[in-house]
Amino acid sequence: MAPLSYTSMVVQVLTGADRRKLDGSDDALFYAAPRFVHHLDGGFRARLTDLYRQRLPEGAQLLDLMTSWVSHLPEEIRYPNVIGHGLNAEELQANARLNRFWVQNLNRDQTLPLEAASVDGVLITAGWQYLQQPEAIAAEVLRILRPGGQLIVAFSNRMFSQKAPRVWLEGTDQDHLLMVSRVLVAQGWPQPELLAEPTRPPGPMGWLGGQGDPFFAVIAAKPMA
Ligand SMILES: C[S@@+](CC[C@H](N)C(=O)[O-])C[C@H]1O[C@@H](n2cnc3c(N)ncnc32)[C@H](O)[C@@H]1O
C-alpha cells in the first residue's frame, strides 16, 4: 500500500472564496524583478531581530521561508545552516545569511523539498499573507521541524493588496493573528503564542514618540513527542 501523503492529512480551514486574490496571475511574474528594499520599517525589524535573539539558540539550523535579500537574524549569533526560500533568485543570492536557497511558488506547489525533522526553526516574515493554501504549508512545516523546533510567523499591517488572498485583505490585525493560529491548530500544532505590539522607529523619530510598523507574531513549537 502507498504511504499516506501529507496532503491527505491537511485540514482545510479557509473557503475557496477566502483564497481568491485580486491579481490571480502567476505570483512568479510579480516577483520576477528583484526588489532590494525593506518591506518593514526599522522599528519592526529591530523587534523581530530581538525576538530571534531570544528564541533561536546559536547553532540552530533554520529555514527562512518566503524570504528575500534580508533575513533579520541577529548578526552576532552564528547559525551554521540557514536555508532560504523565495520567489526571486537574485534577492536570495544577495542574502548573506543563507547557505543555500531554492525558488518555489508555494501557491502552485506546497511540498517543501526538505527531509522530515531536519530543521530547528522556520521563519516566515511578511509572507503568510500571500499564501492561498496556508493549511498545506502549516502541515509541511510541522513535518520538516525537529521535535521542539519552532515556527515564527511575523507580519505587520501592510501588504501587496493585489496579491493577498481575500481572507487576509479583508481581515483586521486580530483576525490575521487568529487565522494563522486556527490554521496551525487544525494541522495538529499546539496552541501558539500570539504577540501584538506597537514599535518605535529608531533614532529621533522614536524618541519624539513616532509610531513604527505594528509588530505581530505567531510562535508555535512542535511537540517533543
Ligand atoms: C513582502 S516580501 C517579504 C520578504 C522577506 N521575508 C522580508 O522580510 O523582507 C514577501 C515575500 O513572500 C514570498 N512570496 C510571495 N508570494 C509567494 C509565493 N506564491 N510562493 C513563494 N513565495 C512567495 C517572496 O519571497 C517575497 O519576497
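Me: Which residues of H4 are buried?

Reply: In this predicted model, the buried residues of H4 are Pro134, Glu135, Ala136, Ile137, Ala138, Ala139, Glu140, Val141, Leu142 and Ile144.

Me: What makes H4 count as largely enclosed by the rest of the structure?

Reply: A residue is called buried if 20 or more other C-beta atoms lie within 10 Å of its own. In H4, 10 of the 11 residues are buried, so the helix is largely enclosed by the rest of the structure. Those buried residues pack against strand E4 (119–125), E5 and helix H6 (173–186).

Me: Which residues does Ala138 touch, leaving out those up to four places away in sequence?

Reply: Ala138 touches Val183, Leu184, Gln187 and Trp189. Ala138 is also among the residues that touch the most other members of the largest nonpolar core, along with Val122, Val141, Val153, Val180 and Ala217. That core has 54 residues, and its largest share, 7 residues, comes from helix H4 (residues 134–144). As a general background, nonpolar side chains tend to be buried together in soluble globular proteins.

Me: How do you know which strands stand at the edges of the sheet?

Reply: Start with the order of the open sheet of 7 strands, which is E3-E2-E1-E4-E5-E7-E6, with mixed pairing. Strand E3 (100–103) and E6 each have a single partner strand, so one side of each is left without a neighbour in the sheet. From one strand to the next, the twist averages 15 degrees.

Me: What makes E1 and E4 a pair?

Reply: Two strands pair if there are at least two bridges between them. Strand E1 (residues 61–65) and E4 have 4 bridges, in the parallel sense, so they pass that cut-off. One example is Leu63, whose bridge partner in E4 is Val122. Helix H4 packs on the sheet too, touching E4 and E5, and its direction makes about 140 degrees with that of E5. Helix H6 also packs on the sheet, where it touches E5, E6 and E7, and its direction makes about 15 degrees with that of E7.

Me: Which strands does E7 pair with, and in what sense?

Reply: E7 pairs with strand E5 (residues 145–155) in the antiparallel sense over 6 bridges. It pairs with strand E6 (residues 193–197) in the antiparallel sense over 5 bridges.

Me: Why is E7 called largely enclosed?

Reply: Of the 7 residues of strand E7 (residues 215–221), 5 are buried, so the strand is largely enclosed by the rest of the structure.

Me: Why is Met66 called buried?

Reply: The cut-off is 20 or more other C-beta atoms within 10 Å. Met66 has 21, so it is buried. You will find Met66 in the loop between E1 and strand E2 (81–86). Its phi is near 60 degrees, a positive value in a residue other than glycine.

Me: Why is Ala117 called partly exposed?

Reply: Exposed would need 12 or fewer C-beta neighbours, and buried 20 or more. Ala117 has 13 inside 10 Å, so it counts as partly exposed. Ala117 lies in the loop between E3 and E4, and its phi, near 50 degrees, is positive in a residue other than glycine.

Me: Which residues come nearest to the ligand?

Reply: Of the 16 residues around the ligand, Asp27, Met66, Gly86, Leu106 and Thr125 come nearest. The shell divides into 7 nonpolar, 8 polar and 1 charged.

Notes:
Residues numbered from 1 in each chain as written. Predicted model: local features only at pLDDT ≥ 70, side-chain atom pairs only at ≥ 80, totals over all residues. Near = placed C-beta within 6 Å. Nonpolar A, V, L, I, M, F, W, Y, C, P; charged D, E, K, R; others polar. Helix = DSSP H or I, 4+ residues; strand = E, 2+ residues; numbered from the N terminus. Core = buried A, V, L, I, M, F, W, Y, C linked by C-beta atoms within 7 Å. Contact = placed C-beta atoms within 7 Å. Axes fitted to C-alpha atoms, helices over the stretch in contact; angles between N-to-C directions.
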